[in-house]
Amino acid sequence: MIQNTSGLSLKEDVWGKMAHYSQDLLCTIDHQGNFLQVSEASSTLLGYQSTEMCGQHFSGFVLEEDLPITQEAINDVFAGHNRTNLEIRLIHRTGQTLYFLWSGAWSAEDQVIYAIGRDVTELRISRKNLEESEQRYKALFEHNPDVIFLENTEGLVTEVNQSFCDAWRISRDKAINRPASAFLPPHLISVAEQSFKEALLGSMLRCDLEFECESGQRRVFDTTKYPIWVNGQIVGVQTVAKDITPMVLSYETIQHQAHKLNTILESITDAFLTLSKDWQITYINSEAENLLALDRRQHIGLSFWNLLPEEMGSEIYLQLLQALETDSTVDFTSFLKTHSKWLRVKAYPSEEGLSIYIDDVTQQVKAQQELERLSLVARHTTNGVVITGNSNTIEWVNEGFTKLTGYTLEEAVNRTPVELLKGEETNASTIQRIYDGIEKPEAFREEILVYGKTGQKRWLDVELTPVLNEKQELTKRIRILSDITDRKATQKELEKLSLVASRTNNSVLIADKNWHIEWINNGFTRLFGYSPEEAIGKKPSDLLHSTRTDKTAFAALEQNLLRGEAISFEVLNLKKSGEEVWLSVEVSPVLDEHGNIIRFVEVQTDITPLKTSERELAKLAKDLYRQNSDLQQFTYIISHNLRSPVANAMGLADLLLNTAADKTKFEKTLDFLRQSIYKLDTVLKDVNTILSIRDKKGNLERELVNLNDVVSQAMSSFFVTLQKEGAKVNISIPDGLTLKANKAYVYSVFYNLISNAIKYRSQERPLQVDLNCFGDEQKGIIISFSDNGSGFDAQKEKKNLFKLYKRFHPKQEGRGMGLYLVKNHIEAMGGRIEVSSKVGIGTSFLIHLPQE
C-alpha cells in the first residue's frame, strides 16, 4: 500500500509494482525533508514499515555524524543538481548502523525528490577486510626476512621484496621484468628454469640452492616455488628463499666436531656410552656395542633399562642413579646379570646426563675369587696346596702338603717343587712336561711319582693353575696335590685283569660303582660296534638298551648284586648298527678292603642264535597245538555232523529200494533223502570254510580298510529287519579311520555279530546295538560291540565259547558257526577277541586288531 500525503498524481500500478518488488529503498522527500512515499523494502532493510516512515523527517533515520552531508545533498538536489553514489549511514530499528548508497533527483513537476537507497553494508565490510588483507600481505611481503619474488607465466620477475634487494644488492626497479635466472650463477640456471616449469604445471617444489655471491661469501638458500592460482588458472609463480647459510655452517661445524669426537671415542679401548637424564641412550661406541650386545643403529634413543630389564634394582642401577641424583662421579665394580660379566664402571654426570666408561674385568674378578676360594680351601683341605712365584720357588704350602710329603713350610720355602720331591723313579718326561706347562698362562694337570721326606713313594695328581694380574701377566702358580697312590695300584690290577679279558671272545666291560664304563675289551667292540672312545664314560643302560629291552630281569636281581653277590640274567640289547642281540649277562661286584663296592665287571655272551631257536620251537609248538585243535574239530565234524547225514542218506537209499510203488511214501522218503544230502553239503561247506581260514593264517592278503564303510555295508544287509524290529543302532567310529586288514574277514566279523544280535534279541525290549572304536592307526584299534539281547551264562559256557557248532540258545535256529568264524577271522588277522554276557541283560565283545 503506497501512502501519498501530497496528492501527487502517480501511476499507482507502476509505482506499486516497483515499490513492492524492489530490493532497494525507494522514497520521495518534500521541501521540508519529510518522507512522502516509502517502498515496502523498508521493513527488510531498516526494520520499519513504510507507514511508519511516511511523514517522518529524514534526520530521524540518519546517523548524526552523516546529517550535515545529507542535508547538503538534499539542498543540491532542490537546486536542480542530481546526486549519485552518495554514501550515508542509516540507523536500523535495532540500533545497528547500516551503509546505504543513495541517488536522488528533483522533480519540478511533482515538487518532490525521488531517491533510491541501496544497502552496501556487507560490501563495505568486505572492501574494508580486503583493504586490511592487502595491507597485511603488503607488510608481510615487504618486511619478510626471507627473499620473496613473483614471476609471471613468461618467467619475468613482476615483484620483489626488500630482502630480495638486500640479498642481491639491486634496486627494485632493476629487478622487475628480468628473468630470475639473471640473478643466479650459471650452474643453477637450469635448476631454476626446471623448477619454474614444474610450478607452472601445478607442483610445489623445494630445494637447496648453494652458490658464492659477488663478495665470495658462500650462501645457502632453502627455496620453495609455489604456483599462483586465480580463478582456477595459474597466473604466475611465487618463490620464497630462506637464507640457511648460518644454520648449514653451524651444522657442518657440529658434524665436524662430532666426527672428531666420535673418532676419539671409537679409539679408546674402554666401552663408552652416554645416557640422557631420562635414561635414553644418546651415544654408543663400538666397544660398548660388543660388550653389551647393543646396536647403535637400533638402540640409540631407547631406554637403557628397557634393553637390560634384569638390571633394574641392581647395584649398577643404584650407582648410576646416585650419580644422577647427587651430580657426583661414581667408580665401582659390579656383576652384569644380563651378560654374566663383571664390569668396572666409571660414570660422570653432566647437564645432559651421564658419560659412562666400562671395562670388562670378568677374568680378573674370577681369578681373584678363585684365589680367595683356593686360599680358604687350602687351609682346610686334606690335599696338598703349593703356591709358587714367578721364579717357580715355593712361597707357601698348607698343612695337607706337610702331611702328604713330610716337609714343613719352613723346609719347603724358596725351593722348587721338583727339587724337593723328585726321586730315583720319578719320570724325566713328566718333569719336562711340567716345566713346559708352567711357562704357559693356562691350567693343566699331570700325574707324577714323587718321594716324601722319609723316602716313601707316592703317586700325586698335580693340578696347576696360573694366577694373572689385570694386565694378564703371570704372577703366581697354584698346585693342588692329590694322593692317587691307591688308585694307581688298583689301576695296575685292572690292567692285569684287562689283559685276561682282552683274550676272551666274550664281551667284557668294567664300570665304576655308578655304572659308568671305565674299560671295554675287544670282544665288546666286536659284538656291539662301539670303540673305547665311544663307550667309556657312558652307562651300559644308556648305550645298549632299546625300547624293547626288559629291565625287570636286572631289577629283580639288583639287590643281590648290591649285597656283593654275582648275578646272571638274559636281556635283549641293541648294537650300534641298530641290530638287536640277545645276551647272557654275568655281573660280578669288585669290593674294597672294607667290603664296599668300587666297580662292576660284566661279561656278556651272545645267545641270539639260541634265542632264535627257542622262538622257532615255540612257534612250531604253537602251530602243532593249533593243528591238533583243528584235528579235534575235524574229528568232531566227521564223528557227529558228517556221519549223521551220511547214515541217514544210506538208510533212506535202502528204504527206497524196498519201498513199494506207493507214490506218497516214496516221495516222502525221497524228501528226507534230499534233506540229508543238503545237510551233508552244508557240513562240507563248513569244513571248506575252516580249511580256508586255516590255510590263510600267516599268508593273508591285507589292504587299507575303512571301518565306517565296512560297518555300513554289514548293517545294510539287515536294514529291513532292524527297521521292522524298531532297533536302535549307535555307531561311534572316527571319520576316515583305516586299518591294514582283510576286508572280507572284517566284513564277516561285523556281519556275524549283527546277525547274532538280531537272532538272539530279547522279546521283552527293543533291540539296541552299540559299536564303539578306540585307539589309532599307528598302534592298532579296539572295537567294542554290545547288545541288550537275551544273553547267556558266559562263566558256564566258558569252555565252549567260540567252538564249532556250539549253541547257547537251543530254541533259536542256527548251526553254531557264527562265533567260530568271528574268532578265527580275527586271529587270522593277528587280533584277539574277548566276550562277556549275562542272561537277560545282553552280550559284549571286545575286539583287538593290530595295525600290521
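Two strands pair if DSSP finds at least two bridges between them. Helices (H or I, at least four residues) and strands (E, at least two) are themselves DSSP runs, numbered from the N terminus. Keep that in mind for the sheet.

First, the ground rules. This is a predicted model, with residues numbered from 1 along each chain as its sequence is written; local features need pLDDT of at least 70, side-chain atom pairs count only at pLDDT 80 or more, and totals for chains, interfaces and linings use all residues. Side-chain values use heavy atoms, with hydrogens and water left out.

Now the sheet. It is open, has five strands, and runs in the order β12-β11-β15-β14-β13, with antiparallel pairing. The edges are β12 (281–284) and β13 (330–336); each has a single partner strand, so one side of each lacks a neighbour in the sheet. Neighbouring strands are turned by 25° against each other on average, direction ignored.

Zoom in on one pairing. Strand β14 (residues 341–349) meets strand β15 (residues 353–360) over seven bridges, antiparallel. Which residue in β15 is the bridge partner of K346? That is Y357.

Helix α13 (residues 315–326) lies across β13, β14 and β15, and runs at about 155° to β13. Angles here run from 0 to 180 degrees between N-to-C directions; axes are lines fitted to C-alpha atoms, for helices over the stretch in contact. Contact means heavy atoms within 4.5 Å.

Next, aromatics. Rings of Phe, Tyr and Trp (its six-membered ring) pair if their centres lie within 6.5 Å; planes under 30 degrees apart count as stacked, over 60 as edge-to-face and the rest as tilted. The whole structure holds 22 aromatic pairs. Take F35 and F61: centres 5.9 Å apart, planes at 70°, so edge-to-face. F35 sits in strand β2 (residues 35–38) and F61 in the loop between α3 (50–53) and α4 (67–78), so the pair ties together parts 26 residues apart in sequence. Both F35 and F61 are buried, meaning under 20% relative accessible area, where over 50% is exposed and in between is partly exposed (1.4 Å probe, protein chains only).

A second pair is F149 and F164. Their ring centres are 5.4 Å apart and their planes stand at 65°, so this is edge-to-face. F149 is in strand β6 (residues 147–152) and F164 in helix α6 (residues 162–168). Both F149 and F164 are buried. Ring pairs link F149, F164, W168, F183 and F221 into a cluster.

Last stop, R415. This residue lies in the loop between α16 (409–412) and α17 (417–421). R415 is partly exposed, at 29% relative accessible area. Beyond its neighbours within four places in sequence, R415 contacts T393, I394 and L420.
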